[in-house]
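Subject: Structure for you to look at, with notes on aromatic contacts

Dear colleague,

Please read them with the model open beside you.

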Amino acid sequence: MRLSRYFLPVLKETPAEAQIVSHRLMLRAGMIKQSAAGIYSWLPLGFKVLRKIENIVHEEQIRAGHIPMQMPTLQSADLWRESGRYDAYGEEMLRITDRQDREMLYTPTAEELITDIFRSNVSSYKDLPLTMYQIQWKFRDEIRPRFGVMRGREFYMKDGYNFDLTKEDALHAYNRHLVSYLRTYERMGLQAIPMRADSGPIGGDDTHEFLVLADTGESEVFYDSAVTDLTFGDREIDYDSVEQCQGVLEEFTSKYARTDETHDEALFNEIPEERRRTARGIEVGQIFYFGTKYSEAMGATVQTADGQKVPVHMGSHGIGVSRLLGAIIEASHDENGIIWPEGVTPFHAGIVNLKQGDEEADAACEALEKALVAAGLEPLYDDRKERAGGKFATMDLIGLPWRITVGPRGLKNGVVELTSRRTGESEELAPEAAVAKLIEIYADHRVIGL
C-alpha cells in the first residue's frame, strides 16, 4: 500500500474530548471518527486492526472446537420475557418498536436467542456437547459513554455459548474457553489475567474476567504478583482432555486475583506482603457457567439415554474485540504514539523514502515493497513528498513495529536502515537482508491479510 493513495487522516492536535491515551491516539492516528456519543466509524487503519484481532479470535475459537455462526443485531422482546430479563436488564437495553408495534431490542447479549435456536433444533443428548459463537455488533446504552472504544455504546464482540448434558461437561467447556482465551490474548501481545469476578446480569456462580493491567482501567483489581509471571507460551493443549484443560485453569487461577466486586480482604492478606498488588485493570473478556438458568426458563431440554427430558447446562463466553484495540494501545505506547505488537499490526513494516523523486531511492523502495509482498507481508510505503521528520512522526504515531528507511546516502553504501519501533534501535543492512530479517521476525506470527 502506498501512503499517497491511502486514507489516513492523522491529526497533529489532540481532540479535546479524548481523556485517555488510547482514545487520543486512535483519533490522532486516523483510526476512528465519532458518529454519535459512544458510536464510531472505523476508518481504514482502525478497521484493519479490528479485522486482525477478529481473525485471531476466530482461529483460536475454531482450534478449541467451537462453531462460528451469525445472529441478528435485533431480537424479539418476547424471548427476553421468557427468560425474565426483559424488565430486569435495565436502561442500558435499547428497546425498539417496529411499524407493526412489535417490541424489539438491539442485542446487548444473545443468551435468549441462542437458546431459542438450540431448543428448536436439538432434542437428544447424542447431539451434545455443542458450542457455537459469533462475532457481532452489540449495543448497550451507557449513560455516560467515554474513553472512545473502551466504553462506547456500540461495540464489536465475540460471544460464545456452550450446551452440555451435565455440570461436569459444562465446566470442561468453561475450562476450554479459558485456555483458548489465554492463547488469544498472548497472540495479541497482551497479558490478560483471569480474575474471579461478579456475574452481573448474565447470572451464574462461576465466572472469570480477563483483565489487562493499565492505569486507565475501569476496575480496581487485587492480585498476587506471582500471576504476572505466568505465560501460556507455545504449549499444545488437547481441548478434549478434561485433565489438561483443568490443569491450565488451576495453574492460572490458583493465585489470588480478583476484581473489587469479589475481593476478599482476609484471603488477600494471606499473600506474602511483598507480593500483594493493587492496580487498575481493563476488562477484555469474561467467561460464565450459569447452569440451567436459561434452559429451564425457556424449555431447552434433551432426552437422555434412559428417556428422561432434562434441561441442558449452559455457559456464555465473551471477548471484547473492538475494546481490545484500546486495551492494546493502553498497554503498548509511548509519547510518540502507538506501538503495535507484531501479531495485530495493521502493516508489518513501514518503508520511508527520504528523497522521493530520486530515481535510485524510488527504485529501491519499490523493490523492497515487492519483496515484502512476495513474502506474504504487508508494507506501508510512505511515498509522499514530505520532509523526513514528518514521515518519521507519522510512522511513530501509527505504530508499525518496524520501519525501513531508504535514502541516497545509505544506498551508496548498499544499505538501508531497519528500525524497531519498540526499542528505537536501528541497524544498517543490505535491502535483501532487511527483508530476510522481517520474514524471520514474522515467522512466529501467522500473517493474516485483509
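Tyr181, Tyr185 and Phe210 are joined into a cluster by ring pairs, in what is, please keep in mind, a predicted model. Across the structure there are eleven aromatic pairs, and two of them are described here in detail.

In the pair formed by tyrosine 6 and phenylalanine 347, the ring centres lie 5.6 Å apart and the planes meet at 80°, which is over the 60 degrees required, so the pair counts as edge-to-face. This pair links distant parts of the chain, since tyrosine 6 belongs to the segment before α1 (21-28) while phenylalanine 347 sits in the loop between β18 (337-338) and β19 (349-353), 341 residues apart. Both tyrosine 6 and phenylalanine 347 are buried.

The rings of tryptophan 137 and tyrosine 156 have centres 4.6 Å apart, and with their planes at 35° the pair is tilted. Because tryptophan 137 is in strand β7 (residues 130-139) and tyrosine 156 in strand β8 (residues 154-164), the pair ties together parts that are 19 residues apart in sequence. Tryptophan 137 has a relative accessible area of 24% and is therefore partly exposed, whereas tyrosine 156, at 6% relative accessibility, counts as buried.

Arginines also lie over aromatic rings: arginine 95 is placed over the face of tyrosine 86, 4.8 Å from the ring centre, and arginine 235 has its charged end over the ring of phenylalanine 232, at 4.7 Å from the centre of that ring.

Note on methods
Residues are numbered from 1 along each chain as its sequence is written. This is a predicted model: local features need pLDDT of at least 70, side-chain atom pairs count only at pLDDT 80 or more; totals for chains, interfaces and linings use all residues. Side-chain values use heavy atoms; hydrogens and water are left out. Rings of Phe, Tyr and Trp (its six-membered ring) pair if their centres lie within 6.5 Å; planes under 30 degrees apart count as stacked, over 60 as edge-to-face and the rest as tilted. Helices (H or I, at least four residues) and strands (E, at least two) are DSSP runs, numbered from the N terminus. Buried means under 20% relative accessible area, exposed over 50%, partly exposed in between (1.4 Å probe, protein chains only). A charge sits over a ring if NZ of Lys or CZ of Arg is within 6 Å of the ring centre and within 35 degrees of the ring normal.
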